[in-house]
Amino acid sequence: MISRLALVAAMTAAIGTTGAVAQENVVNVYNWSDYIDEEVLQEFTQETGIRVVYDVFDSNDILETKLLAGGTNYDVVVPTGTFLARQIQAGVFQELDKSKLPNLEHQWDRISERIARFDPENEHAVNYMWGTTGIGYNVDKINERMADAPVDSWDMIFDEEIVSKFADCGIHLLDAADELVPAALNYLGRDPDSKSDEDIEAAKELLLKIRPYVQKFHSSEYINALANGDICMAVGWSGDVLQARDRAEEAGSGVTVEYSIPKEGALMWFDSFAIPKDAPHPEAAHAFINFMMKPEVAAKNTNYIFYASGSEGAQEFIDEEILNDPAIYPDDEALERLYTVSPYDPRSQRVLTRAWTQVKSGT
Amino acid sequence: MNGFSTSRAGRLIVRLLPYAWLLVFFLLPFLIVFKISLSQVTLAIPPYMPTFDLVGGISGLMDSVRQLSFENYAFLFSDRLYVLSYLSSLQIAGISTLLVLMIGYPIAYGMARSPRAWRPTLLMLVILPFWTSFLIRVYAWIGILSREGLLNNFLMSTGIIDAPLTILSTNIAVYIGIVYSYLPFMVLPLYASLERMDESLLEAANDLGCPPPKTFWVITVPLSLPGIVAGCFLVFIPAVGEFVIPDLLGGSQTLMIGRTLWAEFFNNRDWPLSSAVAVILLLILVIPIMIFQNMQQRQQEKNS
């Protein structure tokens with residue numbers, strides 16, 4: 001019995017040391033789940049002869065824990081902006097050799113400029129996809145319960161009177177404190193990027209008020225739940241909600257899912273490629289990133305996963321309906337209202353996680 | 001002479017093997033975790049300091065030792081979250097153990113009293129679930145318990161209920177998951193001790209006019225006590241630290257130390273504090289067991 005516990009302890013200590021075996025002509029990629037058109041991987045192998053070992057995660061926390069444990073054996077990883085910034089500070093990534101990335105010229109300046117906030121001079125990372133954190137909803141179920149529902153506003157989530165109308169049909173929130181707390185702060189008219197105890201406390205109070213109407217905090221289940229009609233509303237990531245919309249359409253079950261970027265503003269985030277310092281195949285990693293930035297390839301991925309590409313050159317190959325969808329490519333005016341947040345330092349992170357635990361569990 | 005000494009050396013090795021096992025797989029990892037629990041968080045690889053570096057020589061090592069502190073343990077008791085998590089884990093594990101015992105005992109009893117020819121098959125049936133991954137079996141419960149799941153669909157179609165029950169994402173689902181997953185760990189030791197029981201004792205009690213229910217409580221239960229104790233330990237201890245079941249089946253309000261530890265480790269990236277949580281958890285489990293075994297040993301000595 002005791003050795004069983006010890007094993008758990010040993011495993012906890014050793015967590016994150018697993019990874020793909022180092023071999024020549026291989027690139028070990030660690031990306032978000034459901035975040036690529038897998039045909040692209042075969043095309044890469046055909047073109048370069050480099051085999052791709054592809055592994056996935058579904059939360060930045062898991063990725064960061066692995067990276068900070070070191071020795072992951074990954075060549076390319078895809079952290080989100082705030083996490084990227086902290087990981088750069090921790091010395092996780094190597095500087096990119098831009099001479100090996102000629103396709104950088106196709107990247108979208110507008111996005112690269114915003115990412116420079118997390119990665120000064122864009123030295124460590126190249127944007128893959130970007131998106132927003134907004135509201136996904138089941139059109140019919142919302143209409144049934146409230147004909148004039150303000151679907152273009154955070155009132156849907158943060159106004160007790162309105163959100164309570166939808167509690168019976170199921171509401172999911174992302175299990176991500178660093179996205180929901182800024183959303184609450186933004187709704188309260190405070191700085192979404194604030195790290196002060198007082199502001200986090202205020203956001204917590206607001207979230208606690210609507211807590212009784214939330215069925216679940218989870219960061220990936222809502223895709224299927226929305227598509228199947230199990231829930232009627234979710235705070236989720238743009239592309240994921242749009243994937244749910246697509247799945248519902250394909251299933252033909254009569255479920256209509258929509259995504260809205262609330263008019264009060266929403267979080268804009270960026271998932272970028274970066275190469276860990278101890279990557280066993282940095283050459284192959286550069287080749288992989290360069291390939292993914294190729295306009296045709298970047299477009300193929302966007303057409304498949306419904307997230308906006310960091311490549312401007314890709315836009316001519318992206319389907320019209322995606323390029324013209326303001327939920328994916330917000331217009332200039334909407335873009336103005338999007339905000340970004342900076343990383344939390346260890347102390348404010350603790351306050352944040354603690355507040356979030358309290359929101360979720362009531363203790 | 002030579003043969004004698006090698007066999008003695010062989011015996012010594014066999015005797016030392018369990019200790020070597022404990023040293024490598026229990027004591028060493030424990031010491032590493034304990035050391036991390038005395039460190040501080042920092043933004044680096046690995047995310048804590050000091051790391052013991054032999055480059056600095058003895059004085060460097062001493063410097064590192066001086067940086068260690070029990071701060072994290074003090075913090076654990078300053079926020080009621082941790083104490084509540086421990087208590088709630090103990091409660092969930094305790095109730096689950098009781099439920100498993102109540103369900104497992106009749107099963108084991110039935111198996112032990114069944115015709116001898118059936119027993120291997122019945123034993124096989126108890127072990128059979130292990131052939132599927134634990135994770136998949138817990139996932140299967142999501143499909144059974146969800147709002148649009150098998151259970152609700154069945155109950156609705158038979159007209160027993162009108163509206164779907166909310167079981168998934170509640171503590172009830174956690175109890176169901178734990179009871180289901182740990183049942184074999186209770187049945188197997190119980191079966192082993194019940195099967196070994198001398199049935200002539202029951203016949204004797206019967207001949208002397210003891211009614212069957214009383215026979216059960218006076219003879220069967222005391223004789224199966226070692227099985228009950230072993231089964232309860234096998235269920236209770238891993239259930240306290242359970243993470244997968246509360247994470248998949250439990251709701252946001254399900255408070256268990258495994259999840260609290262996960263949040264410290266992955267959300268806060270606070271290895272030192274999560275190590276402190278783990279060390280305290282280990283103490284909570286190991287100390288009562290040691291006291292219990294000590295008491296048992298004394299009891300045995302007194303009896304003999």
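Biologist: How many residues does the contact take from chain B and from chain A?

Modeller: Contact means heavy atoms within 4.5 Å. Here the contact takes 40 residues from chain B and 39 residues from chain A. This is a predicted model, in which local features need pLDDT of at least 70, side-chain atom pairs count only at pLDDT 80 or more, and totals for chains, interfaces and linings use all residues. Residues are numbered from 1 along each chain as its sequence is written, chains are lettered from A and ligands numbered from 1 in the order in which they are written, and side-chain values use heavy atoms, with hydrogens and water left out.

Biologist: What area do chain B and chain A bury between them?

Modeller: Buried area is the accessible area (1.4 Å probe) that two parts lose on being put together, summed over both. For chain B and chain A the value is about 3600 Å², with 66% of it on carbon and sulfur atoms. On the chain B side, B:L43, B:S252 and B:R269 lose the most area to chain A, together 19% of what that side buries. The predictor gives the complex an ipTM of 0.78 and a pTM of 0.82.

Biologist: What is the mean pLDDT of chain B?

Modeller: pLDDT is the predictor's confidence in each residue, from 0 to 100. Chain B has a mean of 89, and 97% of its residues reach 70 or more. Chain A averages 90, with 93% of the residues at 70 or above. Over residues 1-23 of chain A the pLDDT is below 50; this stretch has 38 contacts in the model beyond near neighbours in sequence.

Biologist: At what angle do helix 3 and helix 4 of chain B pack?

Modeller: Two packed helices are described by the angle between their axes and the distance between the axes. Axes are lines fitted to C-alpha atoms, for helices over the stretch in contact, and angles run from 0 to 180 degrees between N-to-C directions. Helices (H or I, at least four residues) are DSSP runs, as are strands (E, at least two), numbered from the N terminus. Helix 3 (residues 71-78) and helix 4 (residues 80-113) of chain B pack at about 75 degrees, with their axes 5 Å apart. The two are therefore roughly perpendicular (65 to 115 degrees). Helix 3 of chain B contributes B:F75, B:L76, B:F77 and B:S78, and helix 4 of chain B contributes B:R80, B:Y82, B:V83 and B:Y86.

Biologist: What is the secondary structure over residues 83-109 of chain B?

Modeller: That span is 100% helix and 0% strand, and its end C-alpha atoms are 38 Å apart.

How values were computed: Angles under 35 degrees count as roughly parallel, over 145 as roughly antiparallel, 65 to 115 as roughly perpendicular and the rest as oblique.
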